[in-house]
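Please look over the structure below before reading on.

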Amino acid sequence: MEMLTQDFSCIREGLTIRGREYRPAGEKLPAVIISHGFMGTGSDIAGYAQQLAQWGSAAYVYDFCGGSTRSTSDGRFQDMTVLTELRDLEAVVEYVSGLPYIDGERLILMGCSQGGFVSALCAAAHPERVERLVLFYPALCIPEDARRGNMLMYSFDPENVPELIHPEIPADLPPEIAGSMGPIGREYVTSMQRVDAFSSIAAYPGPVLIVHGDSDSAVNVVNSRRAQAAYHSVRPLRCQLAEITGANHGFRGAEDVHAMELVREFIRGGTNVLSVDVVLTGLDREEQGEETVLTIPFGGVIRTPFFTGMVQPGAADIQRWRGTQAIRLCADYVVKGTDYTGAPCQVHIVNTDTGNGWHPTVTTDSKALDFLNGAVCTESLEPRRVGPVVRIFAKLSL
């Protein structure tokens, strides 16, 4: 697919915001605005924009005003706050929505870390303009950190915040990183001390996808669990949370690939109804002529807002190989548990791959989950040593 790229700029309160557009050719395009994290720039997340453009969306990255010492936008780092970044994002939303080739009713906000918090606040403030919301490891801990007096490498007396707060830079930090760290201003802290992050974001009524590493040392994943609960307290079942095993703050390699697979399913309208946390329990190998048959028994659990249950005995992944070529892979298993109404039920999953990707078929005796019977489902697989996490998506109206 041909991809068009160009720089763009817009104005917020006399300050110029600078960014870059990535899009396919066409009209009435859906748009994704991606916001970077604390001390980051739009170029740090340009790979996400390029991928989204390849999938058919116009994608926009930009530098927050004073968002870092490397920012190409106007403004000083010490004047930046979460709320100034919110106003920056609002200006970018206004700019993008007005472009002649953009479908203004199909706007998605996506943000990483502090940019995720900003995106969530923007969606809550302007729900009529945001179709969907994607949050990567959102820094929803910022208000509580401000009240504690400890924000990353910035420590201060929360009752007597100085005008400038200088970072406590570890001696072993690489010079190129240490040199980019400047002081934050008093307003960055005080403007957040009055904020309840979770009640502030929960007003957004649309679909939400949160992707967070379960080993995040900067923003504990419990914050995203709290966010999911907050969203569901206002409108149940609309927030999907995927925790990537072993991932820290920021995704790398296979973690990034899997995270973007989840985004692709989400922007196509998929809801992660079932997530099977698989544990492999054995391996049997049998030679049948030119083919090798592997039988891999497994157990596991499903825990999603839609269904909670345990994989029943007899679950197996049967793989037929001819040399190094997979001929047919098929996992067949039953999970018993309760649906979101509390009713006991079972779910039968048959997941096959004959060379063109996995195709899960789901049947259930649950009245609440009856939409899965006959549904066209897709899946994304998170590889792990003990066994994969299999996330199954279906399209439904929430």
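The model is predicted. The count of disulfides comes to zero, and the count of salt bridges comes to 17.

**Helix H2**
- H2 covers residues 82-97, 16 residues in total. At 1.5 Å a residue it should span 22 Å, and its end C-alpha atoms are 22 Å apart, so expectation and model agree.
- The buried residues of H2 include Leu86, Leu89, Val92, Val93 and Val96. Thr84, Glu85 and Asp88 are also among them.
- In an α-helix there are 3.6 residues a turn, so residues three or four places apart point the same way.

- Ser68 sits in the loop between strand S4 (58-62) and H2.
- Is Ser68 buried or exposed? Its relative accessible area is 6%, and buried means under 20%, so Ser68 is buried.
- Beyond its neighbours within four places in sequence, Ser68 is in contact with Met39, Gly40, Thr41 and Phe77.

- S16 (residues 307-311) and S18 (residues 325-339) run antiparallel and are joined by five bridges. Met310 stands opposite Lys336 in S18.
- S17 (residues 316-322) also runs antiparallel to S18, with seven bridges between them. Ile318 has Cys330 of S18 as its bridge partner.
- S17 and S18 make a hairpin with two residues between them. In that turn, Gly323 has a positive phi of about 70°.
- S18 pairs with S19 (residues 344-353) in the antiparallel sense, over ten bridges. Gly337 stands opposite Cys345 in S19.
- The hairpin of S18 and S19 has four residues between the strands. Gly342 there takes a positive phi near 90°.

**Cysteines**
- A disulfide would need the two sulfur atoms within 2.5 Å.
- Cys330 is in no disulfide either; the nearest cysteine sulfur, in Cys377, is 15 Å away.
- Both residues count as buried: Cys122 has 2% relative accessibility, and Cys330 has 11%.

**Salt bridges**
- Arg76 and Asp79 meet through their side chains at 2.8 Å, N to O. Asp79 is partly exposed, with a relative accessible area of 39%.
- Glu243 and Arg225 form another salt bridge, also at 2.8 Å, N to O. Glu243 lies in strand S12 (residues 239-244) and Arg225 in helix H8 (residues 222-234), so the pair ties together parts 18 residues apart in sequence.
- Glu243 is partly exposed at 24% relative accessibility. Arg225 is partly exposed too, at 41%.
- Arg285 forms a salt bridge with Glu287, with the closest N and O atoms 3.1 Å apart. Arg285 is exposed at 58% relative accessibility, whereas Glu287 is partly exposed at 49%.
- Arg12, Glu13, Arg87 and Asp88 are linked in a network of salt bridges. Asp88 is one of the buried residues of H2.

Terms used:
Residues numbered from 1 in each chain as written. Predicted model: local features only at pLDDT ≥ 70, side-chain atom pairs only at ≥ 80, totals over all residues. Heavy atoms only, no water. Expected span 1.5 Å × (residues − 1). Buried < 20%, exposed > 50% of the residue type's maximum accessible area, 1.4 Å probe, protein only. Contact = heavy atoms within 4.5 Å. Pairing = 2+ DSSP bridges. Salt bridge = Lys/Arg side-chain N within 4 Å of Asp/Glu carboxyl O.
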